[in-house]
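Colleague: Thanks for sitting down with me. Could you take me through the terms used for this chain, one at a time?

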Amino acid sequence: HEDGVLTGVESLLRLWNQALAALQDDGAGKMLVDQELERQTDQIEELLMANGVDAKAWSSDEGRSLEELVWELQVERSVSLELDGKGCIRRAVEIVKAWIIADAGPDEKDDMSPHVLMD
(Lines give C-alpha, C1' and ligand atoms only; values in the text may rest on other atoms or scores of the structure.)
Protein backbone atom coordinates (compact mmCIF):
# COMPACT_ATOMS: atom_id res chain seq x y z
CA HIS A 1 0.00 0.00 0.00
CA GLU A 2 2.80 2.39 0.81
CA ASP A 3 4.34 1.88 -2.64
CA GLY A 4 1.09 2.95 -4.28
CA VAL A 5 0.90 6.08 -2.15
CA LEU A 6 4.51 6.97 -2.94
CA THR A 7 3.93 6.41 -6.66
CA GLY A 8 0.86 8.66 -6.51
CA VAL A 9 2.78 11.39 -4.67
CA GLU A 10 5.63 11.18 -7.18
CA SER A 11 3.16 11.49 -10.07
CA LEU A 12 1.53 14.47 -8.39
CA LEU A 13 4.91 16.16 -7.86
CA ARG A 14 5.90 15.52 -11.48
CA LEU A 15 2.62 17.03 -12.72
CA TRP A 16 2.99 19.99 -10.35
CA ASN A 17 6.52 20.68 -11.65
CA GLN A 18 5.27 20.47 -15.25
CA ALA A 19 2.50 22.96 -14.49
CA LEU A 20 4.95 25.33 -12.80
CA ALA A 21 7.36 25.10 -15.73
CA ALA A 22 4.53 25.80 -18.18
CA LEU A 23 3.38 28.81 -16.19
CA GLN A 24 6.91 30.23 -16.27
CA ASP A 25 7.07 29.63 -20.02
CA ASP A 26 5.60 32.12 -22.51
CA GLY A 27 3.26 29.43 -23.90
CA ALA A 28 1.68 28.78 -20.50
CA GLY A 29 -1.85 29.24 -21.74
CA LYS A 30 -1.47 26.53 -24.35
CA MET A 31 -0.86 23.83 -21.76
CA LEU A 32 -3.84 24.86 -19.70
CA VAL A 33 -6.25 25.01 -22.65
CA ASP A 34 -8.21 21.86 -23.32
CA GLN A 35 -6.93 20.77 -26.73
CA GLU A 36 -10.12 18.86 -27.51
CA LEU A 37 -12.21 21.97 -26.91
CA GLU A 38 -9.86 23.91 -29.17
CA ARG A 39 -10.18 21.27 -31.92
CA GLN A 40 -13.97 21.25 -31.66
CA THR A 41 -14.08 25.05 -31.66
CA ASP A 42 -12.03 25.07 -34.88
CA GLN A 43 -14.44 22.56 -36.45
CA ILE A 44 -17.49 24.60 -35.46
CA GLU A 45 -15.84 27.76 -36.79
CA GLU A 46 -15.20 26.03 -40.14
CA LEU A 47 -18.79 24.76 -40.24
CA LEU A 48 -20.17 28.23 -39.57
CA MET A 49 -17.93 29.84 -42.19
CA ALA A 50 -18.85 27.15 -44.74
CA ASN A 51 -22.49 28.09 -44.21
CA GLY A 52 -21.97 31.82 -44.59
CA VAL A 53 -21.79 32.75 -40.91
CA ASP A 54 -19.09 35.22 -39.93
CA ALA A 55 -17.41 33.42 -37.02
CA LYS A 56 -15.79 36.67 -35.86
CA ALA A 57 -19.23 38.30 -35.54
CA TRP A 58 -20.44 35.27 -33.59
CA SER A 59 -17.82 35.94 -30.94
CA SER A 60 -18.56 39.64 -30.64
CA ASP A 61 -18.82 41.35 -27.27
CA GLU A 62 -22.62 41.14 -27.26
CA GLY A 63 -22.77 37.47 -28.23
CA ARG A 64 -21.54 34.20 -26.88
CA SER A 65 -18.11 32.88 -27.72
CA LEU A 66 -17.51 29.92 -30.00
CA GLU A 67 -16.19 28.04 -26.97
CA GLU A 68 -19.56 28.55 -25.26
CA LEU A 69 -21.33 27.24 -28.36
CA VAL A 70 -19.11 24.16 -28.38
CA TRP A 71 -19.81 23.68 -24.65
CA GLU A 72 -23.57 23.87 -25.32
CA LEU A 73 -23.26 21.42 -28.23
CA GLN A 74 -20.83 18.88 -26.81
CA VAL A 75 -21.10 18.98 -23.02
CA GLU A 76 -24.51 20.33 -22.07
CA ARG A 77 -26.12 18.99 -25.26
CA SER A 78 -28.70 21.75 -24.82
CA VAL A 79 -28.53 23.05 -28.39
CA SER A 80 -27.99 21.74 -31.90
CA LEU A 81 -27.02 23.29 -35.20
CA GLU A 82 -29.56 22.63 -37.95
CA LEU A 83 -29.90 23.50 -41.60
CA ASP A 84 -33.29 25.00 -42.39
CA GLY A 85 -35.10 24.52 -45.69
CA LYS A 86 -33.38 27.56 -47.17
CA GLY A 87 -29.85 26.26 -46.58
CA CYS A 88 -29.19 28.53 -43.60
CA ILE A 89 -27.66 27.19 -40.44
CA ARG A 90 -29.34 27.97 -37.14
CA ARG A 91 -28.85 27.25 -33.47
CA ALA A 92 -31.81 25.28 -32.14
CA VAL A 93 -32.62 25.19 -28.44
CA GLU A 94 -35.11 22.88 -26.80
CA ILE A 95 -36.99 24.55 -23.99
CA VAL A 96 -38.15 22.20 -21.28
CA LYS A 97 -40.73 23.09 -18.66
CA ALA A 98 -40.84 20.93 -15.58
CA TRP A 99 -43.30 20.68 -12.74
CA ILE A 100 -41.67 19.54 -9.56
CA ILE A 101 -44.23 17.78 -7.40
CA ALA A 102 -43.33 16.95 -3.81
CA ASP A 103 -45.09 14.95 -1.16
CA ALA A 104 -44.67 17.25 1.82
CA GLY A 105 -46.73 15.17 4.18
CA PRO A 106 -50.26 15.75 5.46
CA ASP A 107 -51.67 19.26 5.63
CA GLU A 108 -53.55 20.76 8.57
CA LYS A 109 -56.65 18.68 7.69
CA ASP A 110 -54.53 15.51 7.66
CA ASP A 111 -55.00 15.22 3.89
CA MET A 112 -52.15 14.03 1.68
CA SER A 113 -51.94 16.33 -1.31
CA PRO A 114 -48.98 16.97 -3.57
CA HIS A 115 -47.27 20.36 -3.57
CA VAL A 116 -46.02 21.94 -6.79
CA LEU A 117 -42.90 24.12 -6.87
CA MET A 118 -43.64 27.24 -8.90
CA ASP A 119 -41.33 29.97 -10.06
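Modeller: What follows is a conversation about what each label rests on.

Modeller: This is a predicted model, so local features need pLDDT of at least 70 and side-chain atom pairs count only at pLDDT 80 or more, while totals for chains, interfaces and linings use all residues. Residues are numbered from 1 along each chain as its sequence is written, and side-chain values use heavy atoms, with hydrogens and water left out.

Colleague: Happy with that. What pattern does the chain follow along the sequence?

Modeller: The pattern is α-α-α-α-α-β-β-β-β, with five helices and four strands. Helices (H or I, at least four residues) and strands (E, at least two) are DSSP runs, numbered from the N terminus.

Colleague: Why is threonine 41 called buried?

Modeller: Buried means under 20% relative accessible area, exposed over 50%, and partly exposed in between (1.4 Å probe, protein chains only). Threonine 41 has 6% relative accessibility, so it counts as buried. This residue lies in helix α3, where Gln40, Ile44 and Leu48 are among the other buried residues.

Colleague: What makes the buried residues of α3 line one face?

Modeller: Seen down the axis of α3, they fall within an arc of 105°, so they line one face of the helix. The arc is that of the directions from the helix axis to the C-beta atoms. The face turned away from the buried side carries the exposed residues Gln35, Glu46, Met49 and Ala50.

Colleague: And what covers the buried residues of α3?

Modeller: The cover includes α5 (66-76), β1 (79-83) and β2 (89-93). Threonine 41, leaving aside its neighbours within four places in sequence, is in contact (heavy atoms within 4.5 Å) with Leu66, Glu67 and Val70.

Colleague: Which residues make up the largest nonpolar core, and what makes it a core?

Modeller: A nonpolar core is a set of buried Ala, Val, Leu, Ile, Met, Phe, Trp, Tyr and Cys residues joined through side-chain atoms within 4.5 Å. The largest has nine residues: Ile44, Leu48, Ala55, Leu66, Leu69, Val70, Leu73, Val79 and Ile89. α5 gives the most to this core, with four residues. Valine 79, leaving aside its neighbours within four places in sequence, is in contact with Leu69, Glu72, Leu73, Arg91, Ala92 and Val93.

Colleague: How do you know that β1 and β2 pair?

Modeller: Two strands pair if DSSP finds at least two bridges between them. β1 and β2 have five bridges, in the antiparallel sense, so they meet the definition. The bridge partner of leucine 81 is arginine 91 in β2. Their hairpin has five residues between the strands, and there glycine 87 takes a positive phi near 85°.

Colleague: What makes arginine 77 stand out, and is the residue buried or exposed?

Modeller: Arginine 77 has phi near 55°, a positive value in a residue other than glycine. Most residues other than glycine have a negative phi. Arginine 77 lies in the loop between α5 and β1. Its relative accessible area is 63%, so arginine 77 is called exposed.
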